[in-house]
Amino acid sequence: MADIPSIRKLDETVVNRIAAGEVIQRPANALKEMIENCLDAKSTSITVTVKSGGLKLLQIQDNGCGIRKEDMHIVCERFTTSKLSKFEDLSSISTYGFRGEALASISHVAHVTITTKTAHSSCAYKASYSDGKLVPPRPGLPAEPKPCAGNKGTQITVEDLFYNVATRRKALKSPGEEYSKVVDVVSKYSIHNTGVAFTLKKQGEATADVRTTSTASLHDNIRAIYGTAVARELVDIDCDNSRLGFYMKGCITNANYSVKKLIFLLFINHRLVDSTALRRSLETVYEAYLPKGTHPFVYMSLQITPSNVDVNVHPTKHEVHFLHEDAIVEAVQKCVEMKLLGCNTSRTFYTQALLPGVAGTKSSESADVAGKSSSANVYAHQMVRTDSREQTLHAFIKPDGKSVANRNSSGDDAPSISPTNKRSNEGSGTDPKVIDKETFQAQYRKPNSVEPSISENKRAKLVEESNSFKRQKLNQFPRREVQLISVQKLREKIDKAEHRGLKDLFEEHKFVGCVTPSQALVQHNTKLYLANIHSLSRELFYQIIMFQFGDFGFLRLSESAPLYELALLALESPESGWTPADGAKEDLAQYIKDFLMQKAEMLLDYFSLEIDGEGNLLSLPLLLEEYVPNLNGLPMFVLRLATEVEWDSELECFDTFAKECSRFFSFKPDVNPDDDLDQNEASSSDCKRPGTSPDVPWKWSVEHVLFPAFRSGLVPPTRFAEDGTLLQIANLTELYKVFERC
């Protein structure tokens, strides 16, 4: 039988070298550990000098607190540190180092020399180390630290890295590649630590490869290290989540910037780490914005409660574990997604100019397409349709026969918006059909109904059909100028928030077509945008109220509508948020009626909203010609006038009233969700559904009523470029680059 091998204890030198190989894998790892020691020492200036990628020489000098002479004899021994005294301290550790292994590991695989001086020391001290112990700098000399000249701080010189580990040294890449990894480490720490000046250079060279100042900002450091191309596309992000116990801030590039390899700088509690889950989640977000195979620049700094982070996972401290990792990654991903969604509206593309002498594509047709005569060359990818007389998206969709039959007899695309009743032949005379009070109460109030739905009550309206409206203009009266200071301030606020680029977009846009009842496509130059009709119309009506304050026409109801019944109908809707603790619905409805009757004189004078002496609503303001709001929201409008408007302050009163009024008037077509939007109109009844004015198809109203008003009267605020109201979805120039290869 073969001899059974015996178990024996490894020699301490072998153990230390094995441990050193886990902590110090290459020069960049050694430098990372020493930079963190400098930062723990409160340094404001760190200088790194490298030779042969750090294999021959790796020197770092700082101006920190230094090392006491009494501690120099054990500074390179394993498990010696000033940052940790007991294991429980790991739960609240706030320093980079804590195990006391970095300098010890380096001294086991290299020759280390330390020169240090504290603020209270009269001189500096210099000592050499090998295998964690003090050694003489030369044979015959004492090993004790030697006094010498030096500045406050510490200088550590590492020479001949892995001189005694031949296999590790052979496994390393070329000095050039090792130096690039050293540059990467210094660059990342210099960006994160904006109050510290970093300098990195090769030995013997006067020019530094990395240089930052202690007064430079985060964006300045990124510009200095990664270039202007990155810096000009940076977007600041932040996310504060007290529930998960973390705060994130950083910078990411928008959709204008992309590179072949992801640049990902992640610091958790100021420690340079990597997170595979977070990396993948960010790449998933950017896939929707960047060309295939390209990646962004991302810098993130996460502050997580120290007790929730386990830093003692890997010898290099390159990985950390923390509680609620999946939830935190998801929260960060959503934050980045929302930021990109807003900044994508300003996306631009850069093209290379043609070389001198290259002939361009000259075409007289290109000048016509551009809508102006020009002798300049117009290339294929610059040709866009800009003639408003050309067909829209609906021209390419086969119309329904019934839809065509319901258009006006003149043959024009615009249907008639006459207030006369199309159903006059069904009744007596030509007056619009009205509903008496008893019929109204029976139809719209259901006794013992817990959650009545307005849409379930046959599209309940105060008037049977939208064509029961009569419009009364006030053209016979001269326009009056309102000099109220509060109104002037609100107008100035609108003007100050204007986004000049979006203003040009709306003034020069071309309407393409409706996608859904709330979204439409518009074109500006070579770019295609998805516009949120609801948000745009809400802002438009708010501005109309402000700039035409006190000078509105009337939208007359063919029959007066009782405020009490409107308020009661609104309170029965779940949207009102009514609870039994608020009191009886009948009492609240009576209060709302009485309250609005007290404001009747002001509402009539300023807003053309007329209420008679019996508490009946007679008219609404006429904000836009050929536009009538969806009356399903009228009960809630009356309720919110009494509860959401700040009646005690003049400025806030006008502001909140305008917001509630614009909320009611905003475009909300009464369209069945099951309707096929790919057809021009699904049926003749769909043609009659009011998106705006009586008998007007909602798509026609969007194109011929709302968007012309956006063009001439809307002052787009800056927030439209950030909240997704306008979303760029295509650019002809970029598409041309893709399809020209086919």
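How many disulfides does a search of the whole structure find? It finds 0, where a disulfide is a pair of cysteine sulfur atoms within 2.5 Å. Take Cys148: the nearest cysteine sulfur belongs to Cys123, 7.2 Å away. So Cys148 is in no disulfide.

Quick ground rules. This is a predicted model, where local features need pLDDT of at least 70, side-chain atom pairs count only at pLDDT 80 or more, and totals for chains, interfaces and linings use all residues. Residues are numbered from 1 along each chain as its sequence is written, and side-chain values use heavy atoms, with hydrogens and water left out.

Back to cysteines. Cys148 is partly exposed, at 23% relative accessible area. Cys251 is buried, at 0%. The cut-offs: buried is under 20% relative accessible area, exposed is over 50%, partly exposed is in between, with a 1.4 Å probe and protein chains only.

Now the sheet. It is open, with 5 strands in the order β10-β11-β14-β12-β13 and mixed pairing. Strands are DSSP runs of E, at least two residues; helices are runs of H or I, at least four; both are numbered from the N terminus. Two strands pair if DSSP finds at least two bridges between them. At the edges sit β10 (234-241) and β13 (271-273), each pairing on one side only. From one strand to the next, the twist averages 20°.

Look at β10 and β11 (residues 246-253). They pair antiparallel over 8 bridges. Asn241 has Phe246 in β11 as its bridge partner.

Last, helix α5, residues 175-192. It lies across β12 (263-268), β13 and β14 (297-304), at about 55° to β12. Axes are lines fitted to C-alpha atoms, for helices over the stretch in contact (heavy atoms within 4.5 Å). Angles run from 0 to 180 degrees between N-to-C directions.
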